[in-house]
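Dear colleague,

I am handing over the structure below, together with some notes on what turned up in it. Please read the notes with the model open beside you.

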Amino acid sequence: MAATATDEFPDDKRSLQGSGNFLFGDLAADLAHSIFQHVLELDRIHLHDTPLDLLSHMRKTIFRMRCVSALWNRFILSSPQYWCIINVRAPQAAMVRTIELAQAAPLCIYSVNPGHWEAVQFDQILPLLVNRHSQIRTLRLDDQDLDNFGMPLLRLGLPNLRSLELVPRLWLHPDASTLAYDMPRIRHLKSTAWAPKQDIAWIQGLETLVLRKLDRLGPDLYRVLGLCAHGLRHLSLGLRSSREELPPTPAAISIPLLKELRLDMADWRTVMEVTKRILAPPSAGGVIRVTLEPRDLAAIHGLFDFLFPDARDILNPRPATIEFDSEEDLLLVDYPRGNRAVQMRVQGTVHEVDHEAIRGLIHYLDLRLGHPVISVTISCNAPYDAKMMKLLSSSNVQSISIFTYYPEDLAQFLKETITGQSAESSEQVDTDDGYRVFQSLRYLAIDCAYRELEDLEEVIRIVETRQEQLRAKGNCLLDEMTLAHSHFDERVFADAIEKLGAIGIVLREEDWSRTGVDFYLDADIL
């Protein structure tokens with residue numbers, strides 16, 4: 001957001017004074033509007049993907065700009081285009097005044113879900129908006145508590161609506177299952193737990209379709225996709241697991257203008273069905289997130305054929321991420337390639353884990369994507385994670401981040417991973433796959449969750465040993481090491497900085513925190 005004129009004014013000086021009015025008063029009205037439009041980012045108000053928080057920020061900025069001077073205040077109050085943002089959860093008196101000041105300007109009505117139940121009153125603003133329903137261009141209510149506010153407006157028909165976002169309570173409004181209301185100009189639809197029916201006329205004009213938390217994939221949804229396929233630019237589907245057998249579906253659907261695809265799936269059968277039934281152009285970007293179990297890993301072959309038909313020569317700007325989380329019994333992987341990415345949540349990787357299946361998955365990903373650089377995040381259980389780390393090829397792991405509640409196990413874990421010593425022997429273990437010391441490792445981070453790292457001297461000695469091994473073999477050397485949220489003796493830390501600095505490693509103490517795959521099946525990128 002561009003800086004506003006009030007940013008440099010102290011709070012006690014933000015009064016309606018005339019300082020600088022002679023300069024502002026000389027500006028042509030269209031030039032002043034152009035400047036204000038740039039500062040307020042008015043061109044983003046009606047974009048379907050503008051963050052709701054930014055809309056709230058725009059409203060606040062308008063009120064701050066009014067405090068610059070009396071002339072600015074009068075200019076803004078007399079300009080309807082600055083008053084088209086209506087927050088349903090804001091105080092009603094302020095919103096009534098805002099609606100009045102907007103006059104005939106296209107309205108953007110929105111609400112930010114507070115994350116908890118909170119009483120909301122709209123008995124004063126709803127009648128005003130009903131009378132101005134033809135002015136509503138954007139209606140974004142990501143808030144189930146406002147279902148009784150949005151449905152009366154939709155029933156009227158919104159002839160100039162372009163963007164609609166809603167979370168309907170279908171059990172309160174049976175007619176919401178169709179939403180066959182007059183919205184001929186709608187181009188962007190985003191909804192939760194609801195999908196439009198195939199007999200709705202306005203479907204064919206959609207450019208953005210975002211449907212979250214759908215229970216299943218079936219013929220009705222395919223027919224909807226078929227009707228709007230030729231105009232779609234952005235498609236995002238969040239599909240929950242379905243224990244029923246999927247019914248037969250129509251032929252594959254081609255979406256020739258698609259720019260961005262997002263699929264969140266919680267069932268391997270849905271993965272296989274979708275990848276057979278949607279045809280996206282090679283230029284389309286995309287993210288597919290899927291939850292699997294180790295026995296379902298065969299499904300990824302079709303997934304990768306769909307998402308990366310020929311990805312070997314594509315340059316990748318960011319590393320792949322693998323996270324082992326023993327507390328949640330999960331393996332999380334994020335493999336980007338060009339403008340596409342696949343993210344997998346593999347459940348059941350601790351108890352009765354099939355190590356060979358996991359090894360096969362990682363080996364397949366490594367070969368299929370041309371040996372991408374890998375960043376590994378390890379969580380909480382060092383003995384378990386040491387076994388999981390052995391499933392990785394060390395040739396392309398460049399970053400390891402360790403988040404542990406058990407710093408007493410850290411030294412042994414590092415011996416088994418970055419120096420290749422087994423738990424039973426101090427001898428280095430050589431293996432055919434080059435596991436010995438993760439010879440490509442350049443960065444190591446350790447977060448002890450505010451616990452005491454008593455073995456810091458031993459940790460430093462292990463790192464020194466590893467550096468000597470790599471130097472002797474002519475491999476890449478560790479460049480940087482970070483300690484975070486760890487309690488240790490300051491004198492030992494100062495000595496460690498000097499020792500590691502002498503062998504080319506920068507040691508830092510930073511407020512680093514655990515990073516890994518941001519995996520939330522119902523999240524959205526559009």
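T192 counts as buried because its relative accessibility is 9%, where buried means under 20% relative accessible area, exposed over 50% and partly exposed in between, with a 1.4 Å probe and protein chains only. This is a predicted model, in which local features need pLDDT of at least 70 and side-chain atom pairs count only at pLDDT 80 or more, while totals for chains, interfaces and linings use all residues. Residues are numbered from 1 along each chain as its sequence is written, and side-chain values use heavy atoms, with hydrogens and water left out.

T192 is found in strand 5, residues 188-192; helices (H or I, at least four residues) and strands (E, at least two) are DSSP runs numbered from the N terminus. The side chain of T192 makes a polar contact with the side chain of R212 at 2.8 Å, a polar contact being a pair of N or O atoms within 3.5 Å of which, within protein, one must be able to donate a hydrogen and the other to accept it, and residues adjacent in sequence count only if both atoms are side-chain atoms. If neighbours within four places in sequence are left aside, T192 is in contact (heavy atoms within 4.5 Å) with L166, V167, P168, R212 and K213.

The largest nonpolar core has 142 residues, and F149 and M481 have the most contacts inside it; such a core is a set of buried Ala, Val, Leu, Ile, Met, Phe, Trp, Tyr and Cys residues joined through side-chain atoms within 4.5 Å. Helix 3 (residues 52-66) gives the most to this core, with six residues. Apart from its neighbours within four places in sequence, F149 is in contact with V88, I109, F122, I125, L126, L129 and L141.

Helix 13, which spans residues 410-417, is mostly covered, since six of its eight residues are buried, and these are L410, A411, F413, L414, E416 and T417.

Finally, the cavities. On a 1 Å grid over the protein atoms alone, a cavity is a set of points where a 1.4 Å probe fits but cannot get out, and lining residues have an atom within 4 Å of a point; the volume is the space filled by probe spheres set on the points, which are joined across faces, edges and corners. About 80 Å³ of space lies in the largest cavity, and its lining includes L166, V167 and P168. Helix 7 gives the most to that lining, with four residues.

With best regards

Definitions and conventions: On a 1 Å grid over the protein atoms alone, a cavity is a set of points where a 1.4 Å probe fits but cannot get out, and a pocket is an open set with protein on both sides within 12 Å along at least five of seven lines; lining residues have an atom within 4 Å of a point.
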